[in-house]
Amino acid sequence: MTFCLSGVGSFTKLWKSKSVWLGPGHSYLCLFLTEFCGIRNHQRWFSLKKTCLQNTKSINLLIAKARHLKKDEDSSKHVSSGFSGLFSAGAAKKRSQMNRQNKDHELPPVKNTIQLPTKPLRSEDWDKLKEDFKGKVSFESWISSQMAHHHSSVDVAKSLLAWVASKNNGIVGYDLLVKYLYLCVFHKQTSEVIDIYEIMKARYKNLEPGAYTLLIRGLIHSDRWGEALLLLEDIKKIMIPSRKNYDDCIQGALLHQDVDIAWNLYQELLSHNLIPMLETLKAFFDFGKDIKDDHYSNKLLDILLYLRNNQLYPGESFAHSIKTWFESVPGQQWKGQFTTIQKSGQCSSCGKTIESIELSPEEYEFLTGKIMKDVIDGGDQYKKTTPWELKTFEKFVKSCPPFDIVIDGLNVAKMFPKARESQVLLELVSQLAKQNLRLLVLGRKHMLKKSSRWRKDEMEMVQKQASCFFADDISKDDPFLLYATLHSGNHCKFVTKDLMRDHKACLPDAKTQRLFFKWQQGHQLAIRNKFPGSKMIFQHILIYNTVVQTTGDSWHIPYDEDLVERYSYEVPTKWLCLHQKT
Amino acid sequence: MSISITLSPFARFLMPFTLQRKSKNLYSTILQRYMSSKILSVSYHKESTSSPQQVELDGWKATMKSRVQEDVSPVSSNDHEDPLAATRELIEMWRLLGKEVPEHITEDELKIIMECPSKSSRKKYLKYLYVKEKLKKASKIKKEMKAAAREEFKKKLLETSEADKQQQNFLFLRLWDRNMNMAMGWKGAQAMQFGQPLVFDMAYENYMKRKELQNAVSQLLESEGWNRKDVDPFHIYFCNLKPDGAYQRELITRYGEKWDKLLITTTEKSYVDLFPKDSIIYLTADSPNVMTTFQHDKIYIVGSFVDRHMQPGTSLANAKRLKLATECLPLDKYLQWDIGTKNLTLDQMIRILLCLKNTGSWEEALKFVPRRKHAGYLEISQYSQEFINRIKKAKTFNLFSKGSLNVHTQKKCLK
C-alpha cells in the first residue's frame with residue numbers, strides 16, 4: 001500500500017497524522033493481545049499483512065510493544081520470585097534494558113514507489129509498470145525479488161513469467177524460475193512445484209543448492225517425495241548439505257511413514273558433525289506418539305542424551321512434544337509437569353535433587369590442565385605474562401594454603417565509578433575477612449603506587465587481611481585468577497563481574513568450553529550492589545547443573561521459553577519434570 | 001489496496017480525498033479480512049474495477065519443457081564425476097542466479113575453492129574473484145577509451161602543418177623520470193652509508209594467512225617507495241627474513257629484477273644481533289608507553305604484520321621476550337579517535353616517521369592517519385586541561401572520607 005508521493009511533502013507527516021493510523025493501529029494491538037493470550041496461530045495473523053512498508057513498520061512496532069508488555073509481565077513475575085542469577089536466561093536482556101534510552105523510531109526512506117500488483121496482469125499492464133520503474137537492476141529480477149519478499153500470490157508471479165516468456169520467445173531465466181519456485185513452496189502449491197521441477201530437469205543438467213533446497217522442501221509434501229532424496233544426493237556431490245536440507249528430508253520421510261530412512265538420514269547428519277535443528281528432533285518425538293515400538297523409543301532416549309552431551313535445550317513447543325510422547329508410552333505411566341527448580345536444587349514438583357554443578361575429579365583435573373596450557377600459556381607465555389612472573393606466581397600459590405575466595409581486585413574496585421577504588425576494595429576484603437575466609441587479592445603493580453585513587457594506607461589494610469599478588473601492569477590478571485581458584489580446590493570461589501568470555505574462547509574445543517562454563521557457574525561470585533557503602537551482596541550461585549538428566553525412572557529437562565531471549569552464556573530457568581507413577 | 005499509478009498526474013488533487021477514504025476503508029477492510037481472512041482487493045483504479053480477462057498463464061511451461069536441454073557449460077557430461085567440473089558448473093549456476101561469482105575461472109582458482117574449509121570461506125573467495133574481475137574489466141574499458149583519445153589527439157597534431165612548428169630552444173631533454181630515479185638512487189646510497197636505520201621485523205610469517213601476507217608485502221613495497229622519494233631517507237633493514245620463506249618468495253615475485261638492486265639491507269639475522277639493545281625501540285600499538293618525541297639516535301622497529309584475525313599482543317610479546325623498550329604513537333593525545341583499530345598500515349607508519357624525522361611536528365606527521373578513523377585534532381591545551389581537571393576531580397573526591405558520595409555535594413564542592 002505505497003502511495004505515489006508526488007502530492008505529499010514528506011512521509012513523516014503521513015506517519016504522524018493520527019487520523020490515518022490510529023484506527024488500524026488500535027485494532028492491531030487488540031489483535032495482538034488476543035494473540036498473545038493464547039491463540040498461537042501466527043499464520044492466520046500474518047495473512048493480514050499487506051505489502052506496505054509503513055504498515056509493516058507500524059505492525060512491527062506494535063508487535064514489539066505487545067511483546068514488551070508480555071515481557072514486562074514476565075519480568076515482574078521474575079522479580080517477584082526474586083531469583084535472577086548472572087547466568088539465568090533473560091538476565092542480560094534485562095541488564096541491557098535497565099540502561100537504555102528509548103530511541104525514536106526512524107522511518108526508512110521510501111525507495112521505490114511501484115506497488116506490487118495483487119492480481120495477475122496482462123502484458124500491457126506489465127509493460128506499463130516497467131516504464132514506471134526507475135532502477136539500476138533489470139525490472140524483471142527486481143519485481144520478482146519484491147514479490148518473493150512480500151509473498152505475492154502465485155498467479156501474479158505466474159503472469160509475470162508468462163509476460164517475460166512472451167517477450168523472450170518462450171524462455172524464462174533461471175533466477176526468475178527460482179524465485180517463482182520459492183513462492184510456490186511458500187504457498188504450498190505442490191503441483192506447481194512439480195511442474196517447475198520438470199522444467200528444471202528438462203532444461204538444466206545440474207542446479208545449485210538454493211534451487212535444490214527449495215525443490216526438496218516443495219517435494220516432500222507430494223507423492224514424489226522419494227525424488228527429494230535423490231536431490232539430496234545431488235547436493236552431496238558438490239557440498240555438505242545444510243541441516244535444513246536434512247530436516248526437510250527427515251520430515252518428508254516421517255510424513256510418509258518411512259521411519260528407517262528418517263533415522264538413517266539423522267545418523268548421516270550427525271556424521272557430518274552438523275548440529276541437527278531442534279525442529280528435526282521434535283518431529284521424531286511428534287511422530288513417536290503413534291508408534292509403539294521399543295526400538296524407536298530407545299532412539300528417542302538417545303536423542304535426549306544427545307541434548308545432554310551437547311548442552312542443548314529444547315524450545316517450549318519441543319518440550320511439550322517430549323511431554324506428550326512420554327505420557328503416550330503405554331504401560332509406563334509417565335507424568336509430566338512444567339516446573340522450576342528451587343535454590344536448594346530440588347525440583348518443585350517431585351522433590352528430587354537435581355545433579356550437582358560440581359565437576360568430577362577427572363573433569364576438574366582436565367580443566368585445570370587446559371586452563372594452564374591454553375589460557376595462561378597459550379603457546380607464548382609472553383602474551384599474557386612472562387615466564388618468570390608465572391614461576392613466581394606458581395611458587396606463591398603453592399606456598400600458601402588453599403584459599404577460600406579469590407578476588408579480582410581491579411574489577412571489584414572499579415565497580416562504582418564515583419567511589420575511590422582502594423576504599424571499595426578494602427570494604428569488600430574486610431567484610432569477607434570477618435567471616436574467617438582465606439582471601440587472595442589479585443591486582444596489578446600500579447595499585448601499590450601512591451595515587452589519588454589508590455591510597456597507601458587502605459592498600460596496606462587490604463594486605464593485612466588477605467594474601468595479595470600483584471602482576472605487572474602489562475600482564476593480564478584474569479588467567480592468574482582462574483588458575484589460583486582452580487588450584488585451591490573445589491570449595492574455592494572467585495569474585496568478579498567479568499563474564500570471562502574471552503578466556504573461554506581461548507579453550508580449544510566446545511567440550512572444554514562447556515566444562516569451563518559449568519565450573520564458572522558454580523564458582524563465580526558476582527556482586528549485585530548498585531551503590532557503594534552498603535553491605536556487599538553476591539549473586540546467588542547455582543548449586544545444580546542445568547542440563548538434560550535422568551535417573552531412569554525420572555527425567556528433568558530444562559527448556560527455553562518462547563518469549564525469553566537467552567544469551568549464549570545463560571541457562572534456562574524453566575524445567576520439564578517427568579516421573580513414573582509407581 | 002492501491003492508488004493506481006496511472007493517477008500520478010492527478011494525484012495532487014486526489015490525494016486529500018483518497019487519504020480520507022483510505023483511512024476508513026483500511027479500517028473496514030482489515031476487519032473484513034480478519035473476519036473472513038480472504039484477500040479482498042479494494043482498488044480505486046477506474047479500469048481494473050472490471051475483473052481482468054483471464055491471462056494465459058501456463059503457456060510458457062510447454063515451451064520451456066519442449067526445448068532441448070541447453071548446455072549451461074562447455075563441460076561434457078561424461079566427466080560428470082569429476083569434482084572440479086561439478087564445482088565449475090555450480091559456479092555457473094550461481095552466476096545465472098545473479099550471485100557474486102566470477103565469469104571465468106582458472107584451474108588454480110578452482111583448486112583453491114575446492115580446498116576452502118567452509119562454505120562461507122568459499123563464498124568470500126568467490127566474491128573476491130568476482131570483484132577482481134569487475135575491476136579488471138573496468139580498467140580495460142578505461143584503457144581503450146584513453147587509447148582512442150590519444151589517437152584523436154595524434155590526428156589533430158598531424159593536421160597542424162609543419163610550418164606552424166617554430167624552432168624552439170630547450171635547456172633539457174625530456175628525461176625527467178630517469179633523472180629522478182638516478183637522484184633517488186644516489187640519495188639511497190647515501191642513506192645506506194649514513195642514514196638512520198629503520199627495521200622491519202619480518203618474523204610474523206607464520207602468524208599470517210596467504211591473503212594477509214600478500215597485503216603485508218604490498219604495504220612493504222609502498223613503504224619502500226615512500227622512503228625512496230623522501231629528502232632524507234631511512235636506511236631500511238628487513239630483519240628475520242627467512243631465505244626461502246614465503247615472505248622472501250612473495251617479495252621477489254613482486255620486485256622482480258629490482259630485488260637485488262634495492263638499496264636496503266635484508267638479513268636473516270635478528271635486530272638484536274645488529275644493534276645495541278638499549279638503542280632499540282619497538283613500535284607497537286599495544287605498548288603502554290607513549291612516544292613523545294622522535295629520537296634520531298634510536299633504532300625504531302616496525303613489525304611487518306597484517307593482523308586481520310584478532311591476535312592482539314603478538315608484537316608486544318616479541319618485544320617482551322627480548323626485553324626491548326616499546327612505544328606506541330600518541331594517537332589519543334593528538335586525535336579525537338573515532339573508529340577503527342589503532343594499528344596503522346606499514347606505509348602510513350613510515351610516512352609518519354619520515355615526517356617526524358624531517359619536521360618534528362606531530363600535527364604534521366599525523367596527517368597520514370586515515371581521516372575516517374578520527375574526528376579531528378585535539379587542541380593540546382584542551383588535552384592537558386582535561387588531564388588537570390581529572391586530577392582536580394580526583395582530589396575533590398579524596399576530601400570525602402568515607403561512605404556514599406552523592407552528586408549534590410560534589411556539585412557544591414566544585415562550585
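Student: In chain A, what share of the contacts between residues at least 6 apart in sequence join residues at least 24 apart?
Tutor: The share is 70%. Keep in mind that this is a predicted model. Chain B gets a figure too: residues 24 or more positions apart account for 73% of its contacts with a separation of 6 or more.

Student: What makes two residues count as a contact?
Tutor: Their heavy atoms must lie within 4.5 Å. Take A:Asn245, in helix α13 (residues 243–255) of chain A. Setting aside neighbours within four places in sequence, A:Asn245 is in contact with A:Thr213, A:Ile216, A:Leu232 and A:Ile235.

Student: Why does A:Asn245 count as buried?
Tutor: Buried means under 20% relative accessible area. A:Asn245 has 3%, so it is buried.

Student: What makes up the secondary structure of the two chains?
Tutor: Chain A comes to 26 helices and nine strands. Chain B has 15 helices and eight strands.

Student: Why is strand β9 of chain A called largely enclosed?
Tutor: Count its residues. Strand β9 covers residues 574–580, and five of its seven residues are buried, so the rest of the structure largely encloses it.

Student: How do you know that β9(A) pairs with β1 and β8 of chain A?
Tutor: Two strands pair if there are at least two bridges between them. Strand β1 (residues 334–340) is joined to β9(A) by seven bridges, and these strands run antiparallel. In this pair, A:Lys335 stands opposite A:His579. Strand β8 (residues 554–559) has six bridges to β9(A), also in the antiparallel sense. There, A:Ile557 has A:Leu576 as its bridge partner.

Student: What is the order of strands in the open sheet of chain A?
Tutor: The order is β4-β3-β2-β5-β6, five strands with parallel pairing.

Student: What makes β4 and β6 of chain A edge strands?
Tutor: Each has a single partner strand, so one side of each is left without a neighbour in the sheet. β4 spans 467–471 and β6 spans 524–525. The parallel pair β3(A) and β4(A) is joined by five bridges. Here A:Leu442 stands opposite A:Phe469 in β4(A). Helix α20 (residues 387–399) of chain A lies across β3 and β4, at about 175° to β4(A).

Student: What makes the phi angles of A:Asn436 and A:Met500 worth a look?
Tutor: Most residues other than glycine have a negative phi. A:Asn436 is not a glycine, yet its phi is positive, about 60°. A:Met500 also has a positive phi of about 60° without being a glycine.

Student: Are these two residues buried or exposed?
Tutor: A:Asn436 sits in the loop between α22 (421–433) and β3 (439–444) of chain A. Exposed means over 50%, and A:Asn436 has 70%, so it is exposed. A:Met500 sits in the loop between β5 (493–495) and α25 (501–506) of chain A. Its value is 0%, under the 20% limit, so A:Met500 is buried.

Student: How do you know that B:Glu107 and B:Arg88 form a salt bridge?
Tutor: A side-chain nitrogen of Lys or Arg must be within 4 Å of a carboxyl oxygen of Asp or Glu. Here the closest N and O atoms are 3.1 Å apart, so the pair qualifies.

Student: Why is B:Glu107 called partly exposed?
Tutor: Its relative accessibility is 40%, between the 20% and 50% limits, so B:Glu107 is partly exposed. B:Arg88, at 25%, is also partly exposed.

Student: What separates B:Glu92 and B:Arg95 along helix α3 of chain B?
Tutor: They are three residues apart, which means about one helical turn. They form a salt bridge with closest N and O atoms 3.0 Å apart. B:Glu92 is buried at 17%, whereas B:Arg95 is partly exposed at 30%.

Student: How many salt bridges does the whole structure have?
Tutor: A search over all chains finds 37.

Student: Which residues make the nonpolar surface patch of about 460 Å²?
Tutor: B:Leu171, B:Phe172 and B:Trp176 make it. B:Trp176 lies in helix α6 (residues 176–194) of chain B. At 55%, over the 50% limit, B:Trp176 counts as exposed.

Note on methods:
Residues numbered from 1 in each chain as written. Chains lettered and ligands numbered in written order. Predicted model: local features only at pLDDT ≥ 70, side-chain atom pairs only at ≥ 80, totals over all residues. Heavy atoms only, no water. Patch = residues over 30% accessible without salt bridge, like charges linked within 9 Å, V, L, I, M, F, W, Y side chains within 5 Å. Areas by Shrake-Rupley, 256 points an atom, 1.4 Å probe, with all protein chains shown as cover. Helix = DSSP H or I, 4+ residues; strand = E, 2+ residues; numbered from the N terminus. Buried < 20%, exposed > 50% of the residue type's maximum accessible area, 1.4 Å probe, protein only. Axes fitted to C-alpha atoms, helices over the stretch in contact; angles between N-to-C directions.
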